[in-house]
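Biologist: I am new to this structure and would like to learn how to read it. Could we go through it one feature at a time?

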Amino acid sequence: DLLYFPRGIIHHAPNKDSSSPSVHLTISTFQRQTLYDLVQKTFEEAMSELWEEDETLRRALPWKALTLQAPQKEMSAAVAKQLRRL
């Protein structure tokens with residue numbers, strides 16, 4: 001049997017006889033080859049290399065760094081510095 005589900009459709013495939021095993025094989029012909037995917041993978045690999053080289057990237061963020069009370073100018077400067085290294 002073959003059943004086609006368009007990309008993104010959530011489905012549930014229960015086995016009618018719960019005492020016997022069932023196999024559910026999903027095959028996707030859609031490959032992630034968008035500009036977004038390329039950029040995401042590039043940054044991921046570049047940041048991974050920097051992570052190994054630079055100990056400062058492995059340090060914890062300052063307390064409340066991701067809140068509205070964070071020193072925005074300092075955080076922006078730190079992020080910009082790391083992006084320039086890529």
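Modeller: Start with what a helix is here: a DSSP run marked H or I, at least four residues in length, numbered from the N terminus. L38 lies in one of these, helix α1. Keep in mind that this is a predicted model.

Biologist: How many helices and strands does the chain have?

Modeller: The chain has two helices and zero strands. Helix α1 covers 35–53 and α2 covers 72–85.

Biologist: Is the chain compact or spread out?

Modeller: The radius of gyration can be set beside the value that a globule rule gives. For this chain of 86 residues the rule gives 12 Å, but the radius of gyration is 22 Å, well over that, so the chain is more spread out than a compact globule. Along the principal axes, its C-alpha atoms fill a box of roughly 60 × 30 × 25 Å.

Biologist: How do I decide whether a residue is buried or exposed?

Modeller: G8 counts as exposed because its value is 69%. L38 has 53%, so L38 is exposed too. T67 has 31% and therefore counts as partly exposed.

Biologist: Why does D54 count as buried?

Modeller: Its relative accessibility is 15%, so D54 falls under the cut-off. D54 is found in the loop between α1 and α2. Beyond its neighbours within four places in sequence, D54 is in contact with Q82 and R85.

Biologist: What is the surface made of, and which residues form the nonpolar patch?

Modeller: The chain exposes about 8700 Å², and carbon and sulfur atoms supply 58% of that. The patch is formed by L35, L38, V39, F43, M47, V79, L83 and L86, with about 720 Å² of accessible area together. Both helices take part, α1 and α2 each supplying at least two residues. The largest share, five residues, comes from α1.

Biologist: How do I read a salt bridge, and how many are there?

Modeller: Look for a side-chain nitrogen of Lys or Arg within 4 Å of a carboxyl oxygen of Asp or Glu. The structure holds four salt bridges. One of them joins the side chains of E55 and R59, at 3.8 Å from N to O; E55 and R59 are both exposed.

Biologist: Which residues are linked in a network of salt bridges?

Modeller: K41, E44 and E45 are. The side chain of K41 meets that of E44 at 3.8 Å, N to O, and that of E45 at 3.9 Å, N to O. K41 and E44 lie three residues apart in helix α1, about one turn of the helix. K41 and E45 are four residues apart in α1, so about one helical turn separates them.

Methods: Residues are numbered from 1 along each chain as its sequence is written. This is a predicted model: local features need pLDDT of at least 70, side-chain atom pairs count only at pLDDT 80 or more; totals for chains, interfaces and linings use all residues. Side-chain values use heavy atoms; hydrogens and water are left out. Buried means under 20% relative accessible area, exposed over 50%, partly exposed in between (1.4 Å probe, protein chains only). Contact means heavy atoms within 4.5 Å. Patches are made of residues with over 30% relative accessible area and no salt bridge: like charges are joined within 9 Å, nonpolar side chains (Val, Leu, Ile, Met, Phe, Trp, Tyr) within 5 Å. Accessible areas come from the Shrake-Rupley method with a 1.4 Å probe; for residues, only the protein chains shown count as cover. The radius of gyration is taken over C-alpha atoms; the globule rule is 2.2 Å times the number of residues to the power 0.38.
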